[in-house]
Amino acid sequence: MESLSDIWKQALEKCRGEVTEVSYNLWLAPLEFINFENSTFVLSTSSAHKALIFNDKFKDLVKKNLSELMGFDVEVQVIVAAPIPAEPEEPQISGNDNEYTFENFIVGSSNKFAHAASYRVATAPGVEYNPLFIYGRSGLGKTHLMLAINHEIKKRRPNAVILYTTGESFTNELITCIAEKNTKAFHNKYRNVDILLVDDIQFIQNKVSVQEEIFHTFNTLTQNSKQVVLTSDRPPKEMELLDERLRTRFEWGLMADIQPPDIDTRMAIIVRKAASLGLTLSDSIVEFIAEKIKHNIRQLEGTVKKLHAINTLNGTPITMEVVQEVVKDVVTDNEPVSVTVDKIIENVSNVYGVSVSDILSEKRNAAISTARQVSMYIIREITDLSQQQIGEKFGGKSHSTVHHSISTVEDRIAKDIAFKNQVFDIIKNIQDK
């Protein structure tokens with residue numbers, strides 16, 4: 001007779017044939033068989049969030065396949081292998097707290113309104129602009145402003161109770177407290193602060209119980225003139241799966257967007273970061289980096305940090321050739337360009353439900369053409385490949401074809417909010433892996 005562990009492995013293989021490879025690798029493959037009791041397969045996963053996703057999207061499929069293999073109906077229970085800490089995770093800060101202050105935030109035309117609003121909140125929390133809702137794409141400085149608010153309030157009001165968390169940490173902690181029937185402690189923690197800072201609030205979309213909790217927490221704090229600051233990769237009106245009551249409350253105060261920095265601001269960021277590290281860069285090198293890295297401040301600063309390390313640890317002079325290699329690594333997330341391109345096309349393939357081979361083919365139906373155009377656009381956004389080089393990745397497409405594809409996507413992004421969110425979510429998914 002086969003062991004229960006073997007049956008679990010067989011069930012996994014059956015599931016693999018019924019979901020996408022990405023879904024399998026992300027949500028099913030990491031599950032571990034623990035035991036079998038009372039007709040229930042007990043499995044473990046590494047986080048409450050993964051357990052939530054499994055129960056919502058994959059539990060019925062796993063139950064079906066296990067029941068078929070066992071010959072009778074079984075249940076499936078997923079437990080979290082490691083408990084989630086009672087306190088929310090602190091933001092991961094490189095260097096020290098003084099790195100993320102208002103003084104170290106480079107202000108330009110793309111972010112001056114968000115900067116001014118953040119400083120106003122930090123100097124007079126709970127008085128106006130409550131909540132402050134800062135939105136913009138990943139890597140543009142939203143978290144820097146949030147941490148600067150935290151730093152400034154601590155400096156001015158040492159006794160203020162400030163709580164920083166993320167949308168994901170808030171969700172995971174609530175799920176754990178509900179499971180442990182300990183929501184009172186959760187309420188006491190989040191509703192008795194002077195300032196609540198929630199990063200990446202878009203994570204709570206489509207999570208009914210979490211949105212309900214945020215709603216009541218928000219009401220309690222704002223009614224008592226306690227400051228709430230939220231960041232998101234999109235404005236509330238574009239959060240399609242957000243409860244309308246919560247959307248309205250997010251829009252009550254002040255919304256401030258951050259756009260990608262212009263070249264002058266990018267160059268100022270590079271110069272400031274280099275100066276803080278004691279590194280001198282020529283004007284031509286500063287301009288080169290600013291021209292190549294256009295949409296992500298973290299990548300700009302990461303490039304300077306890597307150049308400083310190369311110069312300090314290896315004694316290597318910072319030449320243009322060295323900079324070109326470093327920039328190439330940074331914009332492709334430290335992977336070979338070919339790997340990054342493959343990852344982009346695979347992600348687009350999964351989202352649009354067309355095969356990688358179709359995207360790379362000459363087929364022209366609407367779904368395949370859209371997936372191909374989106375792939376080209378994202379490759380242009382994430383890598384430093386020229387349009388001619390992008391064309392070569394797609395079987396020798398001409399420069400004009402690539403240019404037309406990218407322009408088509410740009411035009412549609414400007415007009416279609418759902419499409420824009422879809423494309424930006426793919427980019428974020430690739431960059432976060």
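# Cavity, pocket and local geometry of a predicted model

The second largest pocket holds about 770 Å³ of space. This is a predicted model, in which local features need pLDDT of at least 70 and side-chain atom pairs count only at pLDDT 80 or more, while totals for chains, interfaces and linings use all residues. Residues are numbered from 1 along each chain as its sequence is written, and side-chain values use heavy atoms, with hydrogens and water left out. Helices (DSSP H or I, at least four residues) and strands (DSSP E, at least two residues) are runs numbered from the N terminus.

**Second largest pocket**

- A pocket is an open set of points on a 1 Å grid over the protein atoms alone, with protein on both sides within 12 Å along at least five of seven lines; lining residues have an atom within 4 Å of a point.
- Grid points are joined across faces, edges and corners, and a volume is the space filled by probe spheres set on the points.
- The lining of the second largest pocket comprises 36 residues, and Arg-137, Pro-260, Lys-294, His-295 and Glu-381 lie nearest the centre.
- At least two lining residues come from each of helix 12 (283-292), helix 17 (366-382) and helix 20 (417-432).
- Helix 20 supplies the largest share of this lining, seven residues.
- The lining of the second largest pocket divides by class into 14 charged, 11 polar and 11 nonpolar residues.
- In this classification Ala, Val, Leu, Ile, Met, Phe, Trp, Tyr, Cys and Pro are nonpolar, Asp, Glu, Lys and Arg are charged, and the others, Gly among them, are polar.

**Enclosed cavity**

- A cavity is a set of grid points where a 1.4 Å probe fits but cannot get out.
- One cavity of 30 Å³ or more is found in a search of the whole structure, and the volume of the largest cavity is about 50 Å³.
- The residues that line the largest cavity are Leu-196, Val-198, Ile-201, Ile-214, Thr-217, Phe-218, Val-228, Leu-230 and Phe-250.
- Strand 6 (195-199), helix 9 (208-223) and strand 7 (227-232) are the elements that give two or more residues to this lining.
- Helix 9 gives the most, with three residues.
- Eight residues of the cavity lining are nonpolar, one is polar and none is charged.

- Buried means under 20% relative accessible area, exposed means over 50%, and partly exposed lies in between (1.4 Å probe, protein chains only).
- Glu-152, in helix 6 (residues 142-156), is buried, with a relative accessible area of 4%.
- Contact means heavy atoms within 4.5 Å; not counting residues up to four places away in sequence, Glu-152 touches Phe-102, Tyr-119 and Ala-122.
- Phe-186, Lys-189 and Tyr-190 are buried in helix 8 (residues 183-190).
- Seen down the axis of helix 8, the buried residues fall within an arc of 80°, so they line one face of the helix; the arc is that of the directions from the helix axis to the C-beta atoms.
- The cover over the buried residues of helix 8 includes strand 5 (162-166), helix 7 (167-179), strand 6 and helix 9.

**Strand 1 and strand 2 hairpin**

- Two strands pair if DSSP finds at least two bridges between them; strand 1 (residues 32-37) and strand 2 (residues 40-45) pair in the antiparallel sense over five bridges.
- The two strands form a hairpin with two residues between them, and Asn-38 in the turn has a positive phi of about 55°.
- Phe-33, in strand 1, has Leu-43 in strand 2 as its bridge partner.
- Phe-33 is partly exposed, at a relative accessible area of 23%.
- Not counting residues up to four places away in sequence, Phe-33 touches Leu-4, Ser-5, Trp-8, Phe-41, Val-42 and Leu-43.
- Phe-33 and Val-78 are 45 residues apart in sequence, with a C-alpha to C-alpha separation of 9.4 Å.

**Backbone geometry**

- Most residues other than glycine have a negative phi, and most peptide bonds are trans.
- The peptide bond from Asn-130 to Pro-131 is cis, with omega near 10°, and Pro-131 is in the loop between helix 5 (112-123) and strand 4 (132-135).
- Tyr-129 lies in the loop between helix 5 and strand 4 and has a positive phi near 55°; Tyr-129 is partly exposed at 31% relative accessibility.
- Asp-200, in the loop between strand 6 and helix 9, has a positive phi of about 55° and is partly exposed, with a relative accessible area of 29%.
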